[in-house]
Every structure is written in structure tokens, then in C-alpha cells.
Amino acid sequence: MHPTDAGTVGHHTPGGKLARAAASRLRRIVALAAITSLLPLSGTAVASTAQASVDAVATPGGRASAADEAIARFLDQRITDTRLGPRVSGFVMDAESDNVVWQYRGTEALMPASNAKLFTAVAALAVLGPGHRFPTHVVQGPDALTLVGGGDRTLTTADLAELARTTAARLRAVGVLRIQVRVDDSLFGEPSLANGWNDGYYPGSVAPVRALVVDGRPLMDTGLDAGQEFARQLTAAGIDVVGAITRDEADSEAPVVARHDSGELAEIVPHMLRTSDNNIAESLLRATAL
């Protein structure tokens, strides 16, 4: 985010005062979390004997608040960590007053990283919690199984195979050897593509955002693809899948016959940041909004 982007949040809206307060609070959270989140990104320390030369805090609107001074002191300490590497710059601006709270080589032009992912990561961890896991269910209706997506972008073919084996055992136990398969990825509503995404973005750089996907495949319809993969695994487990894979919302009262939970969010977020995974970031944003 460019520093000026944060300076206009809520200024001209009916709820401007509340929006400015929220923006200021978010600034403080992200300022504290951003450098902390960056530290684990490098597996080895970068040798550097250069002393940090932290720019003075400029406060054209008046003296910095105690909270701002605390943020600046904290970042002064963290910016010198050699694991960040020798080429680092940073800039923190107050969203309400436009005062510069802190900067380090703030005028130096560097190629930016995906900074919005830091906001997404902080929000997801704060709202969902580091121990949150994303579930994928198989539920049984009167005439079909439904694979229900819970927003797990880390779901793999091996995970679906385990779900299929568990499901097949349950079906055989009640004498069912032939069944239809459907998918329910309705957790994330429309639109699945964001305004401003051009045709060159998807599905390679970012796939349409759906709550069901397997192996992170960059496809236009990851939900049906996951259903087809589940059907193949179910067939391999000895159950005859009949008919085409279709999309339908599962009955909330239907019994769950198998379930897979993702790893903890505390494990998913570092992976998302290290690899700059657009698809995981989009899913985390949707899950946080819900």
C-alpha cells in the first residue's frame, strides 16, 4: 500500500469519525505486526555490519503520541535484525492526521513485495485465531454424497483419497455400492472474480475464489474439479460413482460421513507469505470476512 492510500480512509463518509478511528487502530496493529511477520521469511541470517540509520519521526501536525513513539521505538529495534537482509525500507503514516510515525530509508525506491498479504495475514490471525483449521466434509443425502468445501486451499489429492476411503467404508457398512457425487462450494459467494482483475490474471496468477479446491490447481472451476477427483478416489476405493458431478448445496441436516481438517492457520500463514500465494490469501480474506 502506498502511504497516501491510508490517508483518506473514511474522511468523507457519514461514519467518517468511526472509520478514521478504525483505520488508526488498524495502522497500529499492522505496524507492530508487519516487521514481526517478515522476520521468519529468510531461513538463514544475512551477515551485515551496517548500522541502522533510522530517519527522524516527522510530525507536521504536532508532537507524536505516546503510542506512536512506542511503535517507532519498536520498529527501530526490529529493523536492524540481520534476517531482514541489507536492503530494507519502511514507512508508517497515521491514517487520520497524515503524520509520519516512522520511516527507515523511506524515500529509497525498492521493488515492493505483496504488502497487502500482511494486512490479510494479520486480520485472519486476529479474527480466526492461529489454531483455526479449515474443514472439508462429505455428507450423505438420500441419493447422493456431497463434498462440502470449507475454504481449505491446502487440500490435496491424498486428503481426498483418505476422505474417499473413510466414506467407502461407511457406505459398504450400510450396503451402498453405487451413488452420485455432488459438490457444495457455496461458502464463498459471488463474485468469484474481483473487480479490476484483467483476463491475464486468471486462472494462472489467481484462480476464481471458491471454497473447494484440490492441489491448488489453477482452474476456472476448482469446485467441480475437486468433485471429479473425489469421485475418482471413491471409485478406487470400491464405490461405483454414477452420473456427472454436479453442484448443489448440501442439506444442513445431512449426516457427515467423513471429514478432513487443514493444518492450523499459524502454519498456513507463513507459507502464504513466503510463497506469496495469491489463492491462499484470497481464501483467507473471504474466511475472515465471514
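Predicted model: local features only at pLDDT ≥ 70, side-chain atom pairs only at ≥ 80, totals over all residues.
Salt bridges come first. How many does the structure hold? The count is 15. I will walk through three of them.

Start with arginine 182. Its partner is aspartate 248, and the closest N and O atoms are 3.9 Å apart. The cut-off for a salt bridge is 4 Å, so this pair falls within it. Now look at where the two partners sit. Arginine 182 is in strand S5, which covers residues 178–184. Aspartate 248 is in the loop between strand S7 (246–247) and strand S8 (256–261).

Next, arginine 217. This residue pairs with glutamate 229, with 3.2 Å between the closest N and O atoms. Arginine 217 belongs to the loop between S5 and helix H5, while glutamate 229 is in helix H5 itself, residues 222–236. Here the tie is between parts 12 residues apart in sequence. The two ends have their own surroundings. Arginine 217 is partly exposed, with 22% relative accessibility. Glutamate 229 is buried, at 7%.

That pair also belongs to a network. Which residues are joined by salt bridges that share partners? They are Asp215, Arg217, Asp225, Glu229 and Arg232, all in one network.

Aspartate 261 is partly exposed, with a relative accessible area of 33%.

Now for the empty space. Rolling a probe the size of a water molecule over the atoms shows where such space remains. How many cavities of 30 Å³ or more turn up? The count is one. The volume of the largest cavity is about 40 Å³.

What lines the largest cavity? Going along the numbering, the lining has Phe134, Gly151, Asp152, Arg153 and Thr154, then Ile268, Ile280, Ser283 and Leu284. Helix H7, residues 278–289, gives the largest share of that lining, with three residues. By type, the lining residues divide into four nonpolar, three polar and two charged.

To close, two things to find on the model. Find the salt-bridge network that includes Arg217 and Glu229. Then find helix H7, beside the largest cavity as part of its lining.

Key:
Residues numbered from 1 in each chain as written. Heavy atoms only, no water. Salt bridge = Lys/Arg side-chain N within 4 Å of Asp/Glu carboxyl O. Helix = DSSP H or I, 4+ residues; strand = E, 2+ residues; numbered from the N terminus. Buried < 20%, exposed > 50% of the residue type's maximum accessible area, 1.4 Å probe, protein only. 1 Å grid on protein atoms, 1.4 Å probe; cavity = no way out; pocket = protein on both sides within 12 Å on 5 of 7 lines; lining within 4 Å. Points joined across faces, edges and corners; volume = space filled by probe spheres on them. Nonpolar A, V, L, I, M, F, W, Y, C, P; charged D, E, K, R; others polar.
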